[in-house]
Amino acid sequence: QMCIRDRYMGIVKSKSMQMLRNTRGLFTKLVSSKAAPKRGIFVMNKWAPANLARQQQSASPLLAYAHRCSFSKKTVPVPSMGDSISDGVVFELLKKAGDYVKQDEIVAIIETDKVKVDIKSPESGVLVKLFAQQGDTVEVGKDFFEIDLAGAQPAGQAAPQQQKKQETAQESKPQKQQPTQEKPQQAAKPSPQQAAPQQAAAQQKAQQPQTHIGGTGGVNRNERREKMSRMRLKIAQRLKDAQNTCAMLTTFQEVDMSQAIQCRNDFKDEFLKKHGAKLGFMSFFIKAAVAALKDQPAVNAVIVGNEIIYREYVDLSVAVATPTGLIVPVLRNCENMSFADVEKGLELLAKKGKDGTITAEEMAGGTFTISNGGIFGSLMGTPIINPPQSAILGMHAIVNRPVVVNDTIVARPMMYLALTYDHRLIDGREAVTFLKRIKSEIEDPRRLLPVSYTHLTLPTIYSVQISVVAVSLKKK
């Protein structure tokens, strides 16, 4: 049976074929009956006619009955969608039974608690059966669809590019227009018998009392209901669990963004030219958060049972808004990242989040979260902890406000920062010290740009500027 399958699939090599010919006698058997003896061959638990046993020794009788076997059909299970994901809901079926699919072509989309996963066909063939429909819940490892690898591609799909070329060629050819004389059409007048009921209906409609309230346009009281997605359900569950589990408390601080804005405006063009990424404020705050987390390790810790686990690495979760909901992908080992590494990583995660191609592994883990509600214009808010983490930093909009600088009221671009932390683990002293460290780093960006980062554009420029200022002061 294995030889039949391999020969039918076109995989058997010359040595295997020679072995099949040598063992041909094993497939021939004498069948005795009351009437007369019959000879035949045993193919897939069935006896073939006797004339096939007298064919040539090239195993063609086996191939003649190979279509009876089911070796060409393959069952594709639901693939693994992440370490913590065991099931999902069929969000959309892009193919149906009987359609021809190519290798790596998307058959369906499964929505999980975190991401949407594309289910692709491992090989080309015809879909025989789908074991789940749209809206059904499927488990990882269960059968999802069956594909016939021997199915032929329909003729209509064989050469779609050639058809498009022919259509474009026909459209490009000038067509001769023949002048035609069109006779003006006169509107058909309704007969008196047809006009009478129409006039009666119009008069009856005009006599009916108006039931709408308000303006002349009426009042819209329509409603519509939509089923919550798996991602939205999971977000709601996690946020409520965080409120029920953590002793959340929020502390605030305001930051003068003048120096950070000046630094960004001075070097953003050169940064983009050298590193191929835009210089944003998120990289400043991520670098400042890494320094503050090293200074206050309790903010980067987590409670597990009766123990506290202190992480000596920093995996920052960055909140990204997508059409399907809020996701929090993770930047790994931010303590070893430069400004360019941070910006490139954020750009890649944001692109994957919008395209829906981000994976569950890219959102797993994380020791601390930064949420930037300022891009939507939020002035102040209290973010909710992303469990099992112990704290989250909320950034807000930059607004010019009057502040006192050297006993003088001036207008400065200010931002409110909010740190929500788990009071079971983090005391108020650690939380306030953490925010003050971020404030000092942002208000003096030279703290974030040590001279040792010589491969980065910003510290080199800053070091040159500092040395020039020092020389000029000595001369004076």
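Predicted model: local features only at pLDDT ≥ 70, side-chain atom pairs only at ≥ 80, totals over all residues.
Start with helix H9, residues 281–295. H9 has 15 residues and reaches 21 Å from its first C-alpha to its last. That is close to the 21 Å expected at 1.5 Å a residue. Of its 15 residues, 12 are buried, so H9 is largely enclosed by the rest of the structure. The buried residues of H9 include Met282, Phe284, Ile286, Val290 and Leu293.

In one of them, the ring centres of Phe284 and Phe339 are 5.2 Å apart and the planes stand at 80°, so the pair is edge-to-face. Phe284 lies in H9 and Phe339 in helix H10 (residues 339–355), so the pair ties together parts that are 55 residues apart in sequence. Phe284 and Phe339 are both buried.

Rings also meet charges. The charged end of Arg264 sits over the ring of Phe281, 5.2 Å from the ring centre. Arg401 does likewise with Tyr416: its charged end sits over that ring, 4.0 Å from the centre.

Glu254, at 31%, counts as partly exposed.

The whole structure holds 14 salt bridges. Side chains of opposite charge can pair when their charged atoms come close. Glu362 and Lys352 meet at 2.7 Å, N to O. Glu362 lies in the loop between H10 and S19 and Lys352 in H10, so this bridge ties together parts that are 10 residues apart in sequence. Lys352 is partly exposed, with a relative accessible area of 23%. Asp422 and Arg424 also form a salt bridge, again 2.7 Å from N to O. Asp422 is buried at 2% relative accessibility, whereas Arg424 is partly exposed at 46%. Shared partners join the salt bridges of Asp295, Arg437 and Glu441 into one network.

Now the backbone. Most residues other than glycine have a negative phi, and most peptide bonds are trans. Where does this model depart from that? Asp104 has a positive phi, near 65°. It is found in the loop between strand S6 (100–101) and strand S7 (106–111). Asp104 is exposed, at 52%. Asp407 also has a positive phi near 65°. Its place is the loop between strand S21 (399–405) and strand S22 (408–422). At 78% relative accessibility, Asp407 counts as exposed. A cis peptide bond joins Pro387 and Pro388, with omega about 5°. Pro388 sits in the loop between S19 and S20.

Met380 is found in the loop between strand S19 (368–372) and strand S20 (391–395). At 44% relative accessibility, Met380 counts as partly exposed. With Phe252, Leu379 and Val399, Met380 forms a nonpolar surface patch of about 330 Å² of accessible area together.

Conventions. Residues numbered from 1 in each chain as written. Heavy atoms only, no water. Patch = residues over 30% accessible without salt bridge, like charges linked within 9 Å, V, L, I, M, F, W, Y side chains within 5 Å. Areas by Shrake-Rupley, 256 points an atom, 1.4 Å probe, with all protein chains shown as cover. Salt bridge = Lys/Arg side-chain N within 4 Å of Asp/Glu carboxyl O. Helix = DSSP H or I, 4+ residues; strand = E, 2+ residues; numbered from the N terminus. Buried < 20%, exposed > 50% of the residue type's maximum accessible area, 1.4 Å probe, protein only. Phe/Tyr/Trp six-rings, centres within 6.5 Å; stacked < 30°, edge-to-face > 60°. Lys NZ or Arg CZ within 6 Å of the ring centre and 35° of its normal. Expected span 1.5 Å × (residues − 1).
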